[in-house]
Amino acid sequence: MQIFNDKVALITGASRGIGTYIAKSLAKRGCRIVAIARDKDKLSTLCQEIENQGGNASYIPLDLSEIHSIEPAINSLVDDGKRIDFLINNAGIEQYRHLQNYTADQISKIINVNLHAPIELTRILLPYMLENGGNIVNIASLGGKKGIAFNSIYSATKSGLIMWTDAMRQELNKTSVNISVVCPGFISEAGMFKDSNMEAPRLLGTSSPLDVVDAVIKCIEKNLAEVIVNKGPMKPLLSIGQLSPLLADRIVGMMGVREMSLRRVEAEKSTLK
Ligand SMILES: NC(=O)c1ccc[n+]([C@@H]2O[C@H](COP(=O)([O-])OP(=O)(O)OC[C@H]3O[C@@H](n4cnc5c(N)ncnc54)[C@H](OP(=O)(O)O)[C@@H]3O)[C@@H](O)[C@H]2O)c1
């Protein structure tokens, strides 16, 4: 607990889904929470809940797709004397489409929220973190380890987030700042997969939001490079993908991932986001 007590954790995407679990769990461990997302009411409810449990939480309503609005918001936080010890880049969006059916703006938005915003937040906070020490945990996805058909922009951003973390870990070697990446598979109970009302392919199964929280905690406690959150034999499967992407396509196809993605394209057509 010592490692978390009285530390300030900035968590993006904390208005709903997995982010609320991360915020509440870190608050329970003694962290002071700064929650970021667009939905002010949900952020306010989260902070109230944390305060009611004896914790400390505040929020910044911010649209992370507006990259140039991030620096002024974070600077005013830091100017207020707030030191950020943990940056949890959790906000993420996805849209299931055939590539030709995305607009250029939709593509930019996904890239901004999932990849550019974590890089920008880190760029702004890094000088402070290098002085005081800190941990950055990026929430990527198994979809960044193996591409997901009809969710290709999401996959590209998550793969980018994984590789950017890899580069930064080496860049930050021998500094007091640690950086890790968490790659969840399908998550039950809360979040974007749960909201899709789809059934996960049986061989891939689901994990819970608390499994993602455990991964985040372990990353901070043990300075882990990468944690995969999935109950299946994911590492051997991913290794096969490195050796033979076509064989991995066949395995993923047999698992029914492509069919499920197609169903999500159809489902999203009727609830156009
Ligand atoms: N759920 C899964 O099965 C799963 C699997 C693998 C990886 N992940 C990853 O886990 C992370 C959390 O996902 P989740 O399932 O909890 O998703 P979610 O329930 O859809 O929540 C997404 C969060 O991101 C915030 N967000 C979205 N657009 C934003 C924007 N423009 N500016 C600021 N905040 C924004 C949302 O808040 P507002 O709408 O209030 O802005 C919300 O708090 C994501 O990075 C996701 O890719 C999830």
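Predicted model: local features only at pLDDT ≥ 70, side-chain atom pairs only at ≥ 80, totals over all residues.
I take a salt bridge to be a side-chain nitrogen of Lys or Arg within 4 Å of a carboxyl oxygen of Asp or Glu. Residues are numbered from 1 along each chain as its sequence is written, and side-chain values use heavy atoms, with hydrogens and water left out.

**Entry: salt bridges**

I searched the whole structure and found 13 salt bridges. I looked up Arg123 and found it bridged to Glu71, with the closest N and O atoms 3.1 Å apart. Arg123 sits in helix α4 (residues 104-132) and Glu71 in helix α3 (residues 70-79), so this bridge ties together parts that are 52 residues apart in sequence. For helices I use DSSP runs of H or I with at least four residues, and for strands runs of E with at least two, numbered from the N terminus.

Arg123 also meets Glu120 in a salt bridge, at 2.9 Å from N to O. Both of these residues are in helix α4, three residues apart, which is about one turn of the helix. I therefore note Glu71, Glu120 and Arg123 as linked in a network of salt bridges.

Next I checked the burial of these side chains. I call a residue buried under 20% relative accessible area, exposed over 50% and partly exposed in between (1.4 Å probe, protein chains only). Arg123 is partly exposed at 45%, and so is Glu71 at 31%. Glu120 is buried, at 9%.

I also looked up Arg83, whose side chain meets that of Asp85 in a salt bridge of 2.9 Å, N to O. Arg83 is partly exposed at 35%, whereas Asp85 is buried at 5%.

**Entry: aromatic pairs**

I count rings of Phe, Tyr and Trp (its six-membered ring) as a pair if their centres lie within 6.5 Å; planes under 30 degrees apart are stacked, over 60 edge-to-face and the rest tilted. By this rule I get two aromatic pairs. The ring centres of Phe4 and Phe86 are 5.8 Å apart and the planes stand at 65 degrees, so I log the pair as edge-to-face. Phe4 lies in the segment before β1 (8-12) and Phe86 in strand β4 (residues 86-89), so the pair ties together parts 82 residues apart in sequence. Phe4 is buried at 1%, and Phe86 is buried at 3%.

Phe186 and Phe193 form a tilted pair, 4.5 Å centre to centre with 40 degrees between the planes. Phe186 is buried at 16%, and Phe193 is buried at 8%.

**Entry: the ligand**

I then looked at atoms facing oxygen atoms of the ligand. A polar side-chain atom of Ser15 lies 2.8 Å from one. A backbone N or O atom of Ile18 lies 2.7 Å from a ligand oxygen, and for Asn90 a backbone N or O atom is 2.7 Å from a ligand oxygen. Taken alone the ligand exposes 880 Å², and the protein buries 96% of that; the areas come from the Shrake-Rupley method with a 1.4 Å probe, and for residues only the protein chains shown count as cover.

Technical notes
Polar contact = N/O pair within 3.5 Å; in protein donor to acceptor, adjacent residues only side chain to side chain.
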